[in-house]
Each structure stands twice: as C-alpha cells, then as structure tokens.
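The sequence and structure come first.

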Amino acid sequence: MACNMILVMLLNRYYSFLCQNATFMENEAVWAIDIGGTYTKLGLVTRNGAILKSSKFSTGAGAPFEEFLKKLENESKRLLTAANIRQKIIAVGVGAPNANANTGHIEHAANLRWGDQVPLKESLTRMFDLPVTIANDANASALGELQFGKGRGMENFIVLTLGTGLGSGIISNGQLLVGAHGMAGELGHVNVDPGPSARFCNCGLKGCLETYVSVTGMRRTIFELIAEMTDDSALRSISFEAMTGEIISKAALDGDPIALKAFKMTAETLGVQLADTAAHLDPEAFILLGGLSKAGSILLEPTIAAMEQNLFAAYKNRIKVMISNTSGTSTILGPAALAFG
Ligand SMILES: [Zn+2]
C-alpha cells in the first residue's frame, strides 16, 4: 500500500513537471497583417516583438476584395508551413487604411477600390478562426511604437505617418484613443488653410493638413516652387508621379535648393499644427514615420523650431519631436501589438 502511494506521488510530480514545461514551451504568437495600397505585409510575431516569419504580396487594390482574401489565405498557409513554429497562434491583428475598430469595416478607403464598407474583421475571423482586431494603419503604428518602438515607457504621445497621405494615432494615458465613432486621430484632415486658394483634398474638403504635409503635398509644393524659382534642381526633370518621398528626401540631403525650400515650408506647416495638437492633448512626444521622415534633421529641425514658436508657454521646451526607428518589415509590429491587446 505504502509502495503504491509513493508511486502515485512520483507520478503526480512527474505529471506536474511535464505540465509546467509544456506551459513554458507554449509561447504565444499572433498573425500581424499590414494592408497597404500597394503591398500587404504579414507575419508571425511573438509577445516580445520577435518576427518569426514574414512576407509580403501585392495587395491588388484595384481587383475585388475576394481576390485579396484568396491571396491572403494562400500566403498565410504558405508562411505557416515554412515557419514550422512551436508557438501557439492566439489572435490576428490588422492595420489597414480607414479601418474602423468599432464597425470592423474598412470605410471609404480612397486607395483601395473594394467598396465603401468592406467587412474585413468578419472575413478574417472566418478565415483564421481566431479573434481578430482591426485598426486604422496609423493607430496600429501608434500601438507598435508604444509596445516595441520609441514610445516604450511613455503614456502620452502622437504618431504621424508622413507617406502618400498623413495618418496619425494618439496614445493617451497608455491607451490608444479610439473615439466615439472609432475614428479618433485624423490629423491629416484638420484645416490649415481656410482661404479661397486652399488645396483640394481627396477627402472632399479643402485646406487639409495632408494636402501640404505628405509626399503628395510636397510634390504640389515642389511643382509650385519649380515655377517660381530659377535655381537649378535635379527635381525639374522628374515627373509628378515619379517623385517619391525618398527622391525628395535624397535631393534635400544633397543640398538641392528647391527640395530644401519645400522641406522648410512643409516643416513650418507641420510645426504650427503640432503646437495646436499639443494644446489639445499635452503629449510627451510626437513620433514621425514614413517616407518624408527619411530626411531626418532637414525635416526635424524646422518642425521643432516652428512648433516651439507657436506653443502655449506651459508646453515650451517640454515636448519631444522624434523620428521612429521602426521601418521595413517592422511595420507589422503595430498590428502585432493590436492583436496582443
Ligand atoms: Zn482631407
């Protein structure tokens, strides 16, 4: 009898040892998906931000949404087979233009011709059979900065992505600010020019910040400067469509007078707007991402100068403006942070 009891005790201990180690080994991972107008990036990411496997495919923004879903399903299956991971996949996080966290839809996205209301969350829940969280791409980036980037350790900051348009995400008291309609943080569409000659915006309004502070906005500024200035410039021989953020940034870094003037004007408009935004949200920092941020101090210094000049006294010299160090495949870290919640 005593022998049996000892055997049972030993078996129990062995069983508990096995369970503890199984829990230890069972790290968790999520599917992280970043849907862009040109490419969709996806990957498997662990809780500490390690990207186990990632890939990208052409979004096909002009083709039907169903075709995109087929491509995503095939690519995720391929990736899963190739990754051969031991982690348990627990959720899916998706950043997409105009994705509404409340409705689960992509709504009126100008660069995706999939319709006005695209049931993204519902479709991906069916596909992955996992909990799915979606957010607008800039909001996902803000969460990525909070968890894995320059926002770590901060509770109040704002991320601005300066790409084709201007996206923004707000972290307030350590949480993403979602808003009453799931659409908080649309700084790209605040009015910076109420005058009659204000630029038209894709959103249907006039004078929006993103018509000045974005790659598209800077192209418009550069073409105005090309007509006004007589200086030699490498930008004179580049077409409107071919002029990327990288080309503009490189020209400025090479000392091109038109590119430098365009950056100064753009940074001043941005800096004034950051001062306004500081009065609403009292952040610790603004973190800049996207093509234009590659110009570094050429963008940063005049932006900070214009912001400081326009800041309410209580905020002066207290708000940092910095450039993100996340880029390339790490754009999926935002959706990963979203999935982990
Ligand atoms: Zn607008």
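## Residues with positive phi

His108 lies in the loop between strand 5 (106-107) and strand 6 (117-118). Here helices (H or I, at least four residues) and strands (E, at least two) are DSSP runs, numbered from the N terminus. The model is a predicted one: local features need pLDDT of at least 70, side-chain atom pairs count only at pLDDT 80 or more, and totals for chains, interfaces and linings use all residues. Residue numbers start from 1 along each chain as its sequence is written. His108 is not a glycine, yet its phi is positive, at about 50°. Most residues other than glycine have a negative phi. His108 counts as partly exposed because it has 15 C-beta neighbours inside 10 Å. A residue is buried if 20 or more other C-beta atoms lie within 10 Å of its own, exposed if 12 or fewer, and partly exposed in between, with C-beta atoms placed from the backbone.

Asn317, also not a glycine, has a positive phi of about 60°. Asn317 sits in the loop between helix 8 (297-310) and strand 12 (320-323). Is Asn317 buried or exposed? Asn317 is exposed, because 6 other C-beta atoms lie within 10 Å.

## Helix 2

Helix 2 covers residues 65-83, and its 19 residues should span 27 Å at 1.5 Å a residue; the end C-alpha atoms are 26 Å apart, which agrees. The expected span is 1.5 Å times one less than the number of residues in the helix. Phe68, Leu72 and Ser76 are buried in helix 2. They lie on the same side of helix 2, because they cover an arc of only 65° around the axis. That arc is taken from the directions from the helix axis to the C-beta atoms.

Which strands do the buried residues of helix 2 pack against? Their partners are strand 1 (28-35) and strand 2 (39-46). The other side of helix 2 carries the exposed residues Glu66, Asn74, Lys77, Thr81 and Ala82.

## Helix 5

Helix 5 (residues 215-228) has 14 residues, and the distance from its first C-alpha to its last is 20 Å, close to the 20 Å expected at 1.5 Å a residue. Its buried residues are Val215, Thr216, Gly217, Met218, Arg219, Thr221 and Ile222. The cover over these buried residues includes helix 6 (245-253) and helix 7 (257-281).

Gly151 is placed in the loop between helix 4 (137-148) and strand 8 (157-162). Gly151 counts as buried because it has 26 C-beta neighbours inside 10 Å. Leaving out residues up to four places away in sequence, Gly151 touches Glu145, Leu146, Phe157, Ile171 and Ile287. Two residues are in contact if their C-beta atoms, placed from the backbone, lie within 7 Å. Gly151 and Ile287 are 136 residues apart in sequence, while their C-alpha atoms are 8.0 Å apart.

Ala285 belongs to strand 11 (residues 285-289). With 17 C-beta neighbours inside 10 Å, Ala285 counts as partly exposed. Apart from residues up to four places away in sequence, Ala285 touches Met154, Phe157, Ile319, Lys320 and Met322. Between Ala285 and Met154 there are 131 residues of sequence separation and 8.5 Å from C-alpha to C-alpha.

## Domains

The domain assignment gives domain 1 (28-137) and domain 2 (150-325). Such bounds come from an automatic or database domain assignment. The centres of domain 1 and domain 2, taken over C-alpha atoms, are 28 Å apart.

Eight residues of domain 1 are in contact with seven residues of domain 2. On the side of domain 1 that touches domain 2 there are two nonpolar, five polar and one charged residues. Ala, Val, Leu, Ile, Met, Phe, Trp, Tyr, Cys and Pro count as nonpolar, Asp, Glu, Lys and Arg as charged, and the others, Gly among them, as polar.

## Whole chain and confidence

The protein has nine helices and 12 strands. Its C-alpha atoms fill a box of roughly 100 × 50 × 40 Å along the principal axes. Of the 341 residues, 40% are buried. Among contacts between residues at least 6 apart in sequence, 65% join residues at least 24 apart.

The mean pLDDT (the predictor's confidence in each residue, from 0 to 100) is 90, and 91% of the residues reach 70 or more. Over residues 14-26 the pLDDT is below 50, and this stretch has two contacts in the model beyond near neighbours in sequence. Where pLDDT is low, the predicted coordinates should not be read in detail.
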